[in-house]
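I opened this entry to record what I looked up, one topic at a time. The chain and its coordinates come next.

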Amino acid sequence: MPIPLPQLEFVPHDALLVVDMQNDFFEDGALPVKGARAIVPKVNRYLSFFAQAQLQVFATRCWHPPGHCSFVEQGGAWPAHCVAGTPGAAFYPDLKLPLGCPVISKGHLVDRDAYSAFQGTDLDCQLRERHVARVFVAGLATDYCVKHTVLDVLRHGLPAFVLVDAIAAVNLAAEDGKHAIDAMRQAGAVLINIESVAA
Ligand code: VGL
């Protein structure tokens with residue numbers, strides 16, 4: 001039986017973090033994540049809630065130099081993807097990010113990988129400057145950048161909410177996405193979906 005998810009309202013100082021919704025992670029991209037396209041309407045729905053309530057949104061992106069250490073050609077785990085400035089690194093065109101939304105670029109150093117949006121970025125300062133008190137996370141991919149970002153939100157002492165209907169997993173092994181969700185929940189993240197949100 002599915003576990004009932006909590007009801008909640010978005011309140012001032014809530015922020016939405018939209019993780020790596022970039023062309024290369026979509027079905028025709030260099031590192032396709034199954035189900036990426038299917039979550040776009042959900043992510044857009046959350047974006048419209050945040051816009052209506054005038055709440056802060058951040059977008060993160062993988063922004064790798066050519067020859068990044070995470071690429072197979074360099075002995076890494078992934079096909080070359082999200083090379084800075086290429087069409088594959090651009091945000092998925094149907095995504096309705098607000099105008100002027102702060103963009104957090106990560107993985108920009110050739111010899112260092114970064115799954116978490118906090119790694120090598122000033123996201124923690126940006127959250128503090130904007131007095132963010134709770135962080136809601138959507139995007140790609142559940143088992144890598146979403147998971148590591150959510151765990152880091154919690155490490156920074158902020159409540160983290162995972163929008164479980166607005167994430168999708170790479171699933172190199174079939175259960176990776178499920179295990180990532182379990183790990184986030186065990187670390188203290190709250191799982192919610194669109195029905196959780198009081199209209
Ligand atoms: C990601 C695999 C490789 C992600 C990035 O955004 O989750 N996954 N690079």
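I began with helix H4, residues 176-186, where Gly177, Ala180 and Met184 are buried. I took buried as under 20% relative accessible area, with exposed over 50% and partly exposed in between (1.4 Å probe, protein chains only). Helices (H or I, at least four residues) and strands (E, at least two) are DSSP runs, numbered from the N terminus. The model is predicted: local features need pLDDT of at least 70, side-chain atom pairs count only at pLDDT 80 or more, and totals for chains, interfaces and linings use all residues. Residues are numbered from 1 along each chain as its sequence is written, and side-chain values use heavy atoms, with hydrogens and water left out.

I then looked for what covers them and found, among others, helix H3 (142-155) and strand S5. Just after H4, Gly188 has a positive phi of about 115°.

Next, the cores. A nonpolar core here is a set of buried Ala, Val, Leu, Ile, Met, Phe, Trp, Tyr and Cys residues joined through side-chain atoms within 4.5 Å. The largest has 40 residues, and Phe10, Met21, Val43 and Phe136 are among those with the most contacts inside it. Strands S1 (14-19), S2, S4 (134-140) and S5 (160-168) and helix H1 (36-52) each supply at least two of its residues. H1 gives the largest share, 8 residues. Another core lies apart from it, with 23 residues that include Ala15, Leu123, Val135 and Val150.

I checked Met21 by contact (heavy atoms within 4.5 Å). Leaving out residues up to four places away in sequence, Met21 touches Phe26, Val43, Thr60, Tyr92 and Leu140, among others.

Thr60 stands opposite Ile104 in S3. S2 (residues 56-62) and S3 run parallel as a pair, over 4 bridges; pairing requires at least two DSSP bridges.

Last, the ligand. Around it I listed residues including Asp20, Cys62, Trp78, His81, Leu140 and Ala141, each with a heavy atom within 4 Å. For polar contacts I used N or O pairs within 3.5 Å; within protein, one atom must be able to donate a hydrogen and the other to accept it, and residues adjacent in sequence count only if both atoms are side-chain atoms. A polar side-chain atom of His81 is 3.3 Å from a ligand nitrogen. A polar backbone atom of Ala141 is 2.9 Å from a ligand oxygen.
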